[in-house]
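Visitor: Could you take me through one part of this protein up close? I'd like to hear about the aromatic rings and whatever surrounds them.

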Amino acid sequence: MTQNEREAVLRRYAAGLLGTRSTIEAIGAHDYADLVIAMAQADLDFPKPPTTPAHDVQVARARAILQPLLRNEFREGVS
């Protein structure tokens, strides 16, 4: 695999078009650590999880639970 082909695969991964395992295999990496190094060398960000309605619901639920707790902790720590 040429450097250009490897970077093309990594760009597809960064865009969320390839899965982690298939990217590791495609670039001939040994494991996830090798993928992290390859992404850093190519100056690419890791893909973000897709935003789906189910994901949005989970984030809203987590915020509803955590934000009041964090605010209360902050108030108690500041006083």
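Guide: Let's start with F46, which is partly exposed at a relative accessible area of 27%; buried here means under 20%, exposed over 50%, and partly exposed in between, using a 1.4 Å probe and protein chains only. Before going on, bear in mind that this is a predicted model, where local features need pLDDT of at least 70, side-chain atom pairs count only at pLDDT 80 or more, and totals for chains, interfaces and linings use all residues. Numbering runs from 1 along each chain as its sequence is written, and side-chain values use heavy atoms, with hydrogens and water left out.

Now to the rings. The structure holds two aromatic pairs, a pair being rings of Phe, Tyr or Trp (its six-membered ring) with centres within 6.5 Å; planes under 30 degrees apart are stacked, over 60 edge-to-face, and the rest tilted. One of them joins Y13 and F46, edge-to-face, with 6.0 Å from centre to centre and 90° between the planes. That pair links distant parts of the chain, since Y13 sits in helix α1 (residues 3-14) and F46 in the loop between α3 and α4, 33 residues apart. Helices are DSSP runs of H or I with at least four residues, strands are runs of E with at least two, and both are numbered from the N terminus. Y13 counts as buried, at 4% relative accessibility.

F46 also pairs with Y32: the ring centres are 6.2 Å apart and the planes are at 45°, so this pair is tilted. Here too distant parts of the chain are linked, with Y32 in helix α3 and F46 in the loop between α3 and α4, 14 residues apart. Y32 is partly exposed, at 44% relative accessibility. Put together, Y13, Y32 and F46 form one aromatic cluster.

While we're in that loop, have a look at D43, found between α3 (32-41) and α4 (53-78). Its phi is near 55°, a positive value in a residue other than glycine. Most residues other than glycine have a negative phi. D43 counts as exposed, at 71% relative accessibility.

Stepping back, the protein has four helices and zero strands, in the pattern α-α-α-α along the sequence. Of its 79 residues, 13% count as buried. The radius of gyration is 19 Å, whereas a compact globule of 79 residues would have one near 12 Å; the value is taken over C-alpha atoms, and the globule rule is 2.2 Å times the number of residues to the power 0.38.
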